[in-house]
Amino acid sequence: WSMPDISIVVPLYNEAESLRELVAWIDRVVAAQNWEAELLLIDDGSTDTSWQVIGELVAAHLHLRAFRFQRNYGKSAALTVGFTQARGRVVCTMDADLQDSPDELPELYAMITEEGYDLVSGWKKKRHDPVLSKNIPSKFFNATARLVTGVKLHDFNCGIKAYRQAVVKNVELYGDMHRYIPALAKYAGFRRIGEKVVTHYERKYGVSKFGLSRFVNGALDLITLAFV
């Protein structure tokens with residue numbers, strides 16, 4: 001098989017309403033770039049009709065592969081499957097809720113292939129999230145992560161990122177460590193880490209699947225990371 005230009009990895013949990021629109025949007029971007037691409041959808045134990053929708057999409061898209069967990073294992077586990085299966089020279093991740101824009105992918109791809117970055121993280125400079133439950137805790141979390149890891153990013157946990165293939169094949173995720181992939185990449189020797197301001201859209205369907213407990217888990221994982 002030939003190596004695709006790009007692998008797009010999308011972990012998801014109960015996002016049935018957004019999937020058709022997301023895949024159509026990704027298809028438009030891929031066609032405009034004339035990429036040889038693959039799209040990997042990782043269903044993290046959805047309890048809605050996400051898997052049925054994915055089945056319909058797989059039947060209609062030769063470049064789409066899908067994987068399903070029997071229960072909800074979390075984003076790190078879903079990304080691990082995506083990273084293991086990805087074959088593209090550039091691997092991009094994004095969330096399935098339409099808050100991340102596939103229109104960002106060409107510039108992220110160029111930053112890897114033309115500017116020489118190992119990893120580029122999105123930065124949701126203008127967020128459409130609740131201030132008290134997400135924005136303020138997120139700013140505190142990111143400031144602490146910068147201090148502990150030495151990686152100067154504004155938005156560690158942004159879902160949309162791009163990686164050189166070697167990065168995703170050499171980073172091990174466990175717990176909720178997906179938040180700290182840039183730090184894990186740095187520790188693995190990939191030091192060309194950049195960021196790009198990305199558009200963050202308001203959620204169109206459903207509700208956020210993450211509560212305040214994620215910040216507690218994130219803090220505990222940061223302590224682990226500090227010792228590692």
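**Entry 1: leucine 153.** I looked up the surroundings of leucine 153 and found that, apart from its neighbours within four places in sequence, this residue is in contact with Ser121, Arg146, Pro182, Ile193, Gly194 and Glu195. I note that the model is predicted. I located leucine 153 in the loop between helix 5 (131-149) and strand 6 (161-164).

Is leucine 153 buried or exposed? Its relative accessible area is 2%, and buried means under 20%, so I recorded leucine 153 as buried.

**Entry 2: helix 1 and helix 2.** I then turned to the pair formed by helix 1 (residues 16-33) and helix 2 (residues 50-60), whose axes come within 8 Å and cross at roughly 20°. The crossing of the two is right-handed. On the side of helix 1, the contact is made by Ala16, Leu19, Arg20 and Val23; helix 2 contributes Ser50, Val53, Ile54, Glu56 and Leu57. I sorted the residues of this contact into six nonpolar, one polar and two charged.

**Entry 3: the whole chain.** I counted eight helices and seven strands in the protein chain. Of its 228 residues, 54% are buried. The accessible surface comes to about 10800 Å², and carbon and sulfur atoms hold 54% of that surface. Among contacts with a separation of 6 or more, I found that 81% join residues 24 or more positions apart.

Definitions and conventions:
Residues numbered from 1 in each chain as written. Predicted model: local features only at pLDDT ≥ 70, side-chain atom pairs only at ≥ 80, totals over all residues. Heavy atoms only, no water. Axes fitted to C-alpha atoms, helices over the stretch in contact; angles between N-to-C directions. Helix = DSSP H or I, 4+ residues; strand = E, 2+ residues; numbered from the N terminus. Left-handed = near helix turned anticlockwise from the far one by under 90°. Contact = heavy atoms within 4.5 Å. Nonpolar A, V, L, I, M, F, W, Y, C, P; charged D, E, K, R; others polar. Buried < 20%, exposed > 50% of the residue type's maximum accessible area, 1.4 Å probe, protein only. Areas by Shrake-Rupley, 256 points an atom, 1.4 Å probe, with all protein chains shown as cover.
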